[in-house]
Amino acid sequence: MERTLTILKPDSVAAGNSGKIIDHLEAEGFEVVAIRKLRLSEAQAQAFYEVHRERPFYSSLVAFMTEGPVVAMALERENAVRKLREVMGATNPDDAAPGTVRALHASSIERNAIHGSDSPENALLELAFFFSRADLVG
Ligand code: CMP
């Protein structure tokens, strides 16, 4: 079993799509181990996306991620990191395979509905960003 971090982004939450996306993830075999709804501060969004600081879309991404609440979840299943990325679809919804979360719910490469950790190492760091050890015992 492996764990990964997902964020249902402000576009998904504002559109009322959180429940649908959680259903989709559960149908793909993910167990929700921990869940939090929160509004990221600017400092939190900047820190979470620190790796993208030099990219031209960084300030716009931070503005988007702080415009409203997100739902962060710790998800568990076999090969959770790789499988979640498959279920999310490509970053740009124009390239996302039919039936993926982004094909169904994303509107642009930035407003792309969902985030998932890109490696097992980053999953550990990103889970710790949102959840304490005590949250992750389930
Ligand atoms: P995510 O998987 O959360 O990782 C970084 C995010 O930056 C990505 O999803 C998109 O929301 C955003 N992003 C990536 N590439 C671009 C781009 N070319 N233009 C605008 N936003 C982008």
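I began with the lining of the largest pocket, which by class has 12 nonpolar, eight polar and seven charged residues (Asp, Glu, Lys and Arg count as charged; Ala, Val, Leu, Ile, Met, Phe, Trp, Tyr, Cys and Pro as nonpolar; the others, Gly among them, as polar). I note that this is a predicted model, in which local features need pLDDT of at least 70 and side-chain atom pairs count only at pLDDT 80 or more, while totals for chains, interfaces and linings use all residues. Residues are numbered from 1 along each chain as its sequence is written, and side-chain values use heavy atoms, with hydrogens and water left out.

I took a pocket as an open set of points on a 1 Å grid over the protein atoms alone, where a 1.4 Å probe fits, with protein on both sides within 12 Å along at least five of seven lines, and lining residues as those with an atom within 4 Å of a point. Of the 27 residues lining the largest pocket, Tyr49, His52, Leu61, Thr91 and His115 lie nearest its centre. H7 gives the largest share of this lining, four residues.

Next I looked up the ligand, and found that the space it takes is the largest pocket (more than half of its atoms must lie within 2 Å of the grid points). Around the ligand I listed Lys9, Tyr49, His52, Phe57, Leu61, Arg102, Ile109, Glu110, Asn112 and His115, each with a heavy atom within 4 Å.

For polar contacts (N or O pairs within 3.5 Å), I noted ligand oxygen atoms at 2.5 Å from a side-chain N or O atom of Tyr49, at 2.8 Å from one of His115, and at 2.8 Å from a polar side-chain atom of Lys9.

Key
Polar contact = N/O pair within 3.5 Å; in protein donor to acceptor, adjacent residues only side chain to side chain. Helix = DSSP H or I, 4+ residues; strand = E, 2+ residues; numbered from the N terminus.
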